[in-house]
Structures are given as C-alpha cells and as structure tokens.
Amino acid sequence: MKNARFKIAALVGGSVLLTLLIILVLFQVISSKRTEELAKEAIQAYSEVTLGETSAMQYTPTLIEMPNGLQGNPMPDHYYSTQDQMVVEWCRENDPQDIEKLTLDSHTLYVGIGSKKPDGLLSSLYALAGEEAKELEELLDLLDLLQYFKSSDPVPTIVYVDVTAELSSTRNMSFFFLAAAVVIGVLGSIEGYLIGRRLELSSKAEKQFFENTSHELKTPLTAIRGYAEGIEKGVINDNVKTGKVIAQEAEKMSHLIEEILLSARLESGAMPLHRETIQLNQLVEECLMPMEGAILSRGLQVELNLLPATVSADPDRLEHAISNLLTNAVKYAKTKLSLAMNERVLIIQNDCDPLSDEELTHIFDRFYTGRNGNTGIGLSLSKEIINLHGWKLRAERTGDGISFLINIR
C-alpha cells in the first residue's frame with residue numbers, strides 16, 4: 001500500500017481525463033462531419049433549381065450566376081461582395097468538379113458548380129403557379145410554358161455555403177469542454193489521492209489492530225500454557241485456583257474472538273436486525289446486573305435515573321452495544337458511575353482520567369489504539385450497532401470524566 005495515494009490519484013484523474021478527452025474528440029469529429037453533410041446537402045439542393053417545393057435546409061447557400069461561364073462576369077444585378085469575388089477567382093483557378101472545402105480569408109466554405117434556369121422565366125412560372133386556374137388559361141397555356149422552360153439553356157452558377165460561424169461555435173464548445181475536462185480530471189485526482197490516503201491509513205491501522213489483537217490473544221494463551229505446564233510437571237497443586245484462572249483466560253479469548261467476528265459481520269452487512277418493542281430502561285438495568293460484582297469490589301457509587309422508554313430495537317444486538325459501554329465505564333471509573341435516560345437520550349457517565357483531544361476524537365475508531373494499549377474494538381462495535389438502529393452515539397468530556405450519549409430517534 002506504499003504510495004497508494006499517488007497511484008490511485010493518477011489512475012482516477014487520468015482515467016477521467018482520458019475518457020472526457022475521447023468524448024471531446026468524438027464530439028469534434030461528429031460535429032465537423034455533420035456540418036459538412038448539411039452544407040453539401042444544401043449545395044446539392046440549390047445547385048439545380050427544379051419545380052416543386054424544396055425541403056427546408058439548415059443552410060441557405062449563396063448563388064452566383066455566371067451567364068458567360070466561369071471566365072465571364074456574374075449577373076449584373078448580383079451583389080458582388082469581396083467574398084463572392086474571392087470564391088469566383090478560386091473557381092476560375094481550380095474549376096471544381098465536385099463540392100470542395102476551402103479556406104478564404106479565415107472563412108471556411110463549401111463550394112460547388114451547378115446550373116440554374118433564367119431568373120425571368122422562373123419568376124413568370126412562379127407567378128403563374130399562384131394564380132387561379134381560370135386566370136392561368138387566360139394568360140398562358142401552362143404546358144407550353146413548361147415546354148419552353150425545359151428547352152431553355154441553364155445558367156452556370158457558383159453555389160457556396162459559409163460554415164465559419166458553426167465551426168467557430170463548435171471550437172468554442174470544445175475549448176469549454178476541454179477546460180471542464182481538465183478541472184474534472186484534477187478533482188478526480190484529488191479524490192483519488194484522498195481515497196488512497198484513507199486506504200493507506202486503514203491498512204496501517206488494520207495492521208496495528210491485528211498486532212494488538214495478537215498480543216491480547218497471546219496474553220491469555222501464555223497464562224493458560226504456563227498453568228498447563230505447571231500441572232504437567234506437578235509443580236501446581238491447587239487445581240481449583242488453576243482451573244479458575246484457565247477458565248477466566250479462556251473466556252477473555254472467547255470474548256475477543258467474538259468481538260472480531262461480530263465486527264467483520266457488521267462491516268460486510270451480514271447482520272440484519274430483528275426488531276422488537278422493548279423497554280430500554282429495563283434492558284439497561286439487565287445489562288448492569290452482571291457487573292454488580294465488579295462495582296462492589298471496586299466500591300463504585302452508582303446513580304440511576306432511568307425513565308421508562310419504549311423503543312423498537314434488536315434486544316440481543318442492543319444489549320451487546322450497551323454492555324460494552326457499561327463495561328468500559330465500570331473499568332475506568334474512579335469512584336462513581338451514573339446512568340440517566342429520558343425518552344430521547346441515554347447517558348452513561350463515569351469519573352475517569354481526563355482524555356486528550358486525540359483520544360476523544362478516535363474513541364470509536366475500530367483500529368485505534370489508545371495510550372493504554374487497548375484496541376478499543378468494543379466501543380467501535382457499540383457505535384456500529386447503534387448506527388445500525390438508526391440512532392446516534394457520541395462521547396463528550398465532562399468536568400470529572402466522560403459521558404456516552406445515545407440519541408434515540
């Protein structure tokens with residue numbers, strides 16, 4: 001896991017940036033191709049004027065009629081702009097046989113050569129098409145006009161479309177998209193770095209946790225082995241005391257293993273809750289009863305102020321969580337233990353040694369090791385079980401110790 005944060009940052013940021021760049025290139029290619037298709041479609045539609053309606057086009061080409069061919073002059077009434085002149089000159093030099101793409105004076109154009117019927121004849125035909133049938137008969141026989149139209153010589157025509165604005169708009173969108181891709185890539189790298197950092201810290205904490213767990217398992221194992229060897233060699237005669245010690249150490253090992261397995265089940269989501277309607281105040285008192293011996297032996301003063309509270313919870317899991325909190329409170333209490341509850345909050349308080357800010361911040365971390373060397377797995381399990389119920393557990397420093405508060409929603 002060494003340097004995982006940098007590897008994940010590069011992987012996430014690079015993958016995001018590469019994906020967006022591929023999308024950008026595809027967008028650029030598709031947009032340019034679509035612009036070219038629409039321009040050519042418009043030029044083809046207008047390069048030879050025919051009777052009937054023309055479908056609407058995205059582009060309206062510019063038509064330059066050349067009655068005397070490419071080497072002649074345009075129609076006298078045609079507005080001869082600078083761009084028109086440049087297009088005519090280019091066509092005279094290149095004589096395009098198909099629709100060509102060219103750049104003139106920073107403008108991108110598509111140019112083709114077509115033909116067009118004389119404007120005067122077309123105007124007459126369009127005017128006749130708008131009259132009533134009886135008026136058509138009086139003015140001119142339509143069939144004769146059509147025949148005349150077909151026999152008329154077409155006028156060579158230069159047809160071109162200026163797509164500069166569309167391509168410029170596409171480029172602007174591409175620049176904006178590129179800037180957005182860079183920003184998203186950077187944010188992805190930052191998020192990848194943070195993920196890698198959390199993985200590194202988690203791996204380090206997990207390694208420390210298993211080292212501490214192994215140490216705690218070795219402690220009762222060492223005691224059991226020592227007494228077993230003593231019995232084997234005949235140097236221990238008090239079998240009752242020996243059996244009691246071995247049983248206690250075995251119980252410690254069993255409890256620790258149970259906590260580890262339960263923690264793994266919680267993490268994998270394989271521990272569903274079986275909710276029942278229970279009296280939380282009675283459950284707290286039942287959790288406190290097995291600790292009566294430890295409380296009396298240490299001379300602790302216990303204050304109870306538990307108001308009745310009905311909740312929906314898994315009694316087995318909730319008992320485990322509260323028992324862990326009470327065990328911790330009894331273990332570190334100096335002189336007193338206080339339990340209070342109303343309808344919304346359960347408070348477990350003791351007068352332990354002051355905790356540092358770091359200890360208070362990490363008190364519920366599963367793999368955190370405090371200054372006394374304990375793994376703190378019991379408190380982390382309590383928090384996970386409380387959270388699984390949809391409630392909230394927090395720790396607060398008091399004037400003479402610490403309080404655990406369970407907010408019941």
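Student: Which side chain meets D400 in a salt bridge?
Tutor: This is a predicted model, so the distances are computed from predicted atoms. N and O lie 3.3 Å apart in this pair, and a salt bridge needs them within 4 Å. The partner of D400 is K336.

Student: How many residues apart in sequence are the parts that D400 and K336 tie together?
Tutor: D400 lies in the loop between β10 (392–398) and β11 (401–407). K336 lies in strand β8. The parts that this pair ties together are therefore 64 residues apart.

Student: Is K336 buried, partly exposed or exposed?
Tutor: Its relative accessible area is 32%. Buried means under 20% and exposed means over 50%. So K336 is partly exposed.

Student: What is the distance from D351 to the nearest side chain of opposite charge?
Tutor: D351 is in the loop between β9 (345–350) and α11 (357–361). D351 is buried yet has no salt bridge.

Student: Which side chain meets that of K334 in a salt bridge?
Tutor: N and O are 2.7 Å apart in this salt bridge. K334 lies in the loop between α10 (315–332) and β8 (336–341), and its partner lies in the loop between β9 and α11, so the pair ties together parts 19 residues apart in sequence. The partner is D353.

Student: Which helix holds both K40 and E36?
Tutor: K40 forms a salt bridge with E36, with the closest N and O atoms 3.0 Å apart. The two residues are four apart, about one turn of the helix. Both lie in helix α1.

Student: Which helix gives the most to the nonpolar patch?
Tutor: The patch is on the surface and has about 770 Å² of accessible area together. Its members include L21, F175 and L194. L194 is partly exposed, at 36% relative accessible area. The helix that gives the most, with eight residues, is α6.

Conventions:
Residues numbered from 1 in each chain as written. Predicted model: local features only at pLDDT ≥ 70, side-chain atom pairs only at ≥ 80, totals over all residues. Heavy atoms only, no water. Buried < 20%, exposed > 50% of the residue type's maximum accessible area, 1.4 Å probe, protein only. Lys, Arg positive; Asp, Glu negative; His and termini not counted. Patch = residues over 30% accessible without salt bridge, like charges linked within 9 Å, V, L, I, M, F, W, Y side chains within 5 Å. Areas by Shrake-Rupley, 256 points an atom, 1.4 Å probe, with all protein chains shown as cover.
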